[in-house]
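I opened my notebook to look a few things up in this structure. Here is what I wrote down as I went.

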Amino acid sequence: YIERPRWKNPLGGTTFDLSNTLSTGSATQLDVSQSQIRAESDVFTLMPNVSSGIRISTLNNFSISGVVTFPSNSTGYRQITLLSKTIDNTTGSSIVLIAVPTINGADTVLPFSYFYDRIRVDRYNNFRLEYIQISGFQNSGGSLDVVGQIGITEA
């Protein structure tokens with residue numbers, strides 16, 4: 001039994017909070033913060049000057065998992081997308097992580113998990129990934145406030 005162990009994580013990994021107000025019918029990047037850091041990471045950090053970006057400082061593959069919650073609404077569908085970007089803001093891949101019809105009378109919760117294969121996505125396409133963004137979409141007819149969390153770990 002080890003009381004309150006403090007482990008040094010050999011691979012980078014951390015948790016980020018997500019939030020934004022999404023207008024109807026347009027994809028919007030979710031803002032990222034680290035107000036609830038689970039583990040400090042030199043590999044996955046906030047992107048300077050891009051409130052929605054997470055810098056990726058590794059050539060290794062990484063796993064992304066998380067959840068985004070939309071408030072109850074009876075209209076449309078909800079979608080979460082992963083965008084990869086270069087340092088000059090060129091978009092590489094755009095990967096739909098999850099898309100679901102809305103739930104009326106309860107929050108619409110979108111859990112997701114994705115393994116980002118750097119060789120298949122980056123090297124085969126001659127793309128130098130610098131950071132990622134998580135984008136949300138909804139078409140309820142009005143604006144919706146969304147919140148969530150994302151965890152990233154080297155794989």
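Where does N89 lie? I found N89 in the loop between β7 (77–85) and β8 (91–101). Before going on, I noted that this is a predicted model.

I looked up phi for N89 and got a value near 75°, which is positive although the residue is not glycine. Then I checked how open N89 is: its relative accessible area is 44%, so I put it down as partly exposed.

Is N49 buried or exposed? I wrote "exposed", because its relative accessibility is 81% and the cut-off for exposed is over 50%.

**Entry: the chain as a whole**

I stepped back and went through the elements. The chain has one helix and 11 strands. Reading from the N terminus, I jotted down β-β-β-β-β-β-β-β-β-α-β-β.

Next I looked at burial and surface. Of the 155 residues in the chain, 44% are buried. The chain exposes about 8400 Å², and carbon and sulfur atoms supply 49% of that.

I also looked up contacts between residues at least 6 apart in sequence. Of these, 71% join residues at least 24 apart.

**Entry: aromatic rings**

How many aromatic pairs does a search of the whole structure find? I got four. One of them is F62 with Y116, a stacked pair with 4.8 Å centre to centre and 5° between the planes. F62 lies in strand β6 (residues 62–70) and Y116 in strand β9 (residues 108–116), so this pair ties together parts that are 54 residues apart in sequence. Both F62 and Y116 are buried.

Y116 turned up again with Y114. These two form an edge-to-face pair, 6.4 Å centre to centre, with 75° between the planes. I compared how covered the two partners are. Y116 is at 0% relative accessibility and therefore counts as buried. Y114 has a relative accessible area of 23%, so I marked it partly exposed; the line for buried is under 20%.

Which residues do ring pairs link into a cluster? I listed F44, F62, Y114 and Y116.

Notes: Residues numbered from 1 in each chain as written. Predicted model: local features only at pLDDT ≥ 70, side-chain atom pairs only at ≥ 80, totals over all residues. Heavy atoms only, no water. Buried < 20%, exposed > 50% of the residue type's maximum accessible area, 1.4 Å probe, protein only. Helix = DSSP H or I, 4+ residues; strand = E, 2+ residues; numbered from the N terminus. Contact = heavy atoms within 4.5 Å. Areas by Shrake-Rupley, 256 points an atom, 1.4 Å probe, with all protein chains shown as cover. Phe/Tyr/Trp six-rings, centres within 6.5 Å; stacked < 30°, edge-to-face > 60°.
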